[in-house]
Each structure stands twice: as C-alpha cells, then as structure tokens.
Amino acid sequence: QLQVVDSGGGLVQPGGSLRLSCAAVGSTSDYYAIGWFRQAPGKEREGVSCISSSGDVTKYADSVKGRFTISRDNAKNTVYLQMNSLKPEDTAVYYCAAVLMINSSAATLSRYEYDYWGRGTQVTVSS
C-alpha cells in the first residue's frame, strides 16, 4: 500500500517562496505519477501541477505557470513543488496525491484519477 506525506507549508509574504515536499513510501513508488492540488475555503480542489513517474513530463495550471516548478528525486522517493512569486490567491491547503501509471510518461491534473492522498499542508500568503 502506497502512502504519501505532504509537508513544507507555512506563512509567507507576497512575492516570497516556499518548497513543498511529497514523500511517497511503499509499493514501488517509482511507478506512480504525482500531482499537487490545492483547496481554498469555499472552493473546489484544483490541480496545480503534476509529474510523470519518469519525471520527463510535467504539467501546470495556467495560474501557476512560470512561478511554480515540480520535480522529483526517485532515489529519495520525493517530489518537490518549488513555489516562487507567491500571491495571496495562492493561499490554500495543498495536497499531494499519487496514481499508478503504466505509461511512465503519463501525468494528469484531474483529481479524480488519483488514488492516494496526503493529509495536506497549509500555505498562507499574506503581509
């Protein structure tokens, strides 16, 4: 059984940076695509970024393109989300999730495809 643990959130001023981490353990985690999602109060959970199991395919929501970068270190079973130039509208609980993909170059931003979820980490962007 795969488990995912998300961490790294916090309080940051507008224009600042944070790096979120998603540790995936168990069940040959190398075969899993990883996605980051976020949910602000009163809003639906939305896809932010995702990365294929091989790391060669990444996708981003339009709202974070050019500011966020996703990467993975399979030796450490960890995926990172580097968030720069943060804005107040980035404030949300961020979740990482994993899905088994037969195609190592497949990745999806659809939350309905993901089977394993972390508990979430709060990101607050405020002055």
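Reply: The count of aromatic pairs comes to four, where rings of Phe, Tyr and Trp (its six-membered ring) pair if their centres lie within 6.5 Å, and planes under 30 degrees apart count as stacked, over 60 as edge-to-face and the rest as tilted. This is a predicted model, in which local features need pLDDT of at least 70 and side-chain atom pairs count only at pLDDT 80 or more, while totals for chains, interfaces and linings use all residues. Residues are numbered from 1 along each chain as its sequence is written, and side-chain values use heavy atoms, with hydrogens and water left out.

One of the pairs is formed by Tyr32 and Tyr116, whose ring centres are 6.0 Å apart and whose planes stand at 75°, so this pair is edge-to-face. Tyr32 belongs to strand 4 and Tyr116 to strand 10 (residues 116–117), 84 residues apart; strands here are DSSP runs (E, at least two residues), numbered from the N terminus. Tyr32 is buried at a relative accessible area of 5%, whereas Tyr116, at 22%, is partly exposed; buried means under 20% relative accessible area, exposed over 50%, and partly exposed in between, with a 1.4 Å probe and protein chains only.

Phe37 and Trp117 form a tilted pair, with 5.0 Å from centre to centre and 50° between the planes. Because Phe37 lies in strand 4 and Trp117 in strand 10, this pair ties together parts that are 80 residues apart in sequence. Phe37 counts as buried, with 0% relative accessibility, while Trp117 is partly exposed at 28%. Ring pairs also bring in Tyr114, linking Phe37, Tyr114 and Trp117 into a cluster.

Methods:
Helices (H or I, at least four residues) and strands (E, at least two) are DSSP runs, numbered from the N terminus.
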